[in-house]
Amino acid sequence: MQAGISELVEDAAAHWDALRSLHLTRNVAELDVLGYTIIPPDVVGDAALMTAAKSRIVALAEAAGAVSKDFTTYQEGLSFELYHLIKQGEVFEQLLVNPAILALGRYLLGNSMILNNSLAYVKGPTDKYLRMHCDTLTVPDPLPEYRHLVNFTLVLTDYSRDGGCIGIVPGSHRYRRHPTATEAVDYSYMHPIECPAGSVIVIPGNTWHGAFPKKTKDLRVTLVQAYSRIYMAPSVTHDISAEILDRNGPDFARILGRDLWTGYDQKGPDLEKFAKTYRTQRSHLS
Ligand SMILES: O=C(O)CCC(=O)C(=O)O
Ligand SMILES: [Fe+2]
C-alpha cells in the first residue's frame, strides 16, 4: 500500500475506535445531517468540573463589573464576555482536554487541531436576540466543505428558549455561506437548543446560529472552547506559562500549538515538527 493511503486507513480506524468507545457515533450523524449536535452530560462526564467552572465564571464576571452592566457587553443581544479562561483557573485547563470533546474535535479538525478561542458568557435578562452568524468569521464565501473551526459550547446552566438559549438553523452548514444582513435577523428558522447543564453543543463554523432573548431572571452561564485546523490564526494567544504547560499532559501542549513548526526565527523550522505537516496534507483526519 502507498504510504499516503495507509495513513488515511490508520487515521480512519483510530477515529472510528475513539468515537465508538466514547459513544459519539450518533453525534457524527447529527453533525452531518443537521450541522450541529448535543453531547449529553453522561457522555461528556466531568460533571464536577462543569459545576466548578460555572461558579468560577460567575465570580470572575462579578469581579469584572458585570452586575453594573446588566450582564451585557458591546453588541446587542450579546451577554457579558470573559476571555481566555484557560489562563484563569485549573478547572478550565482540565475541560480543554475533555475526552469526548477531543475525540469529536479531532475527527472534525484533524489530530493536529489547535485552540482557537476560549471564552465565557454570563447572560442576564434581555429582550434582544443575538443575530445569526457563522463562527468562521474570517473565512469568505463560499465556505469550505470540511471544517476549519468548531465551537464547543459547554452548557453550565440549563438551556431553554425562555432562558435565552442558543438557536441554530438546522442544515444551514450546507449553504456554505454566511447569512446576509437580512437573513441574519430572520429568526423564524432558528431552532432553540434546549438541553440540561453539563451538555456540550457542538457548532462547526459553517452553521448559522444566534441566541434567543432571555425572559427568565436567573443567569445563563456558558464556557466556549473553539478549536481549529492548524492554519487558522488563533483568536487567543498560545503564550501559556511553563507552569500551566507542565501540569498538563501532551494533549494540552499540542492544542496550545507546541507541535507546530510555524513561528520559527533565523534558526529555521524544527524539521521533526515540519515533517508532520506532510501527514496533514494527505489526510484531513491527521
Ligand atoms: O451563547 C450564545 O449566546 C451564542 C454565542 C455565539 O454565537 C458563539 O459562541 O459563537
Ligand atoms: Fe457564534
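Modeller: Strand β6 (residues 166-168) pairs with β9 in the antiparallel sense over three bridges, where strands are DSSP runs of E with at least two residues, numbered from the N terminus, and two strands pair if DSSP finds at least two bridges between them. This is a predicted model, in which local features need pLDDT of at least 70 and side-chain atom pairs count only at pLDDT 80 or more, while totals for chains, interfaces and linings use all residues. Residues are numbered from 1 along each chain as its sequence is written, and chains are lettered from A and ligands numbered from 1 in the order in which they are written.

Colleague: Which residue in β9 is the bridge partner of G167?

Modeller: That partner is G210.

Colleague: And what order do the strands of the open sheet take?

Modeller: The four strands run β4-β9-β6-β7 with antiparallel pairing, and β4 (130-133) and β7 (191-192) are the edge strands, each pairing on one side only.

Colleague: Switching topic, which strands each supply at least two residues of the shell around ligand 1?

Modeller: Those are β5 (149-155), β9 (209-211) and β10 (220-228). The residues around ligand 1, meaning those with a C-beta atom, placed from the backbone, within 6 Å of it, include Y121, D135, N151 and H209.

Colleague: What does V122 touch, leaving aside its neighbours within four places in sequence?

Modeller: V122 is in contact with I57, V58, A61, A66, F71, S79, F80, L219 and V221, contact meaning that the C-beta atoms, placed from the backbone, lie within 7 Å.

How values were computed
Contact = placed C-beta atoms within 7 Å.
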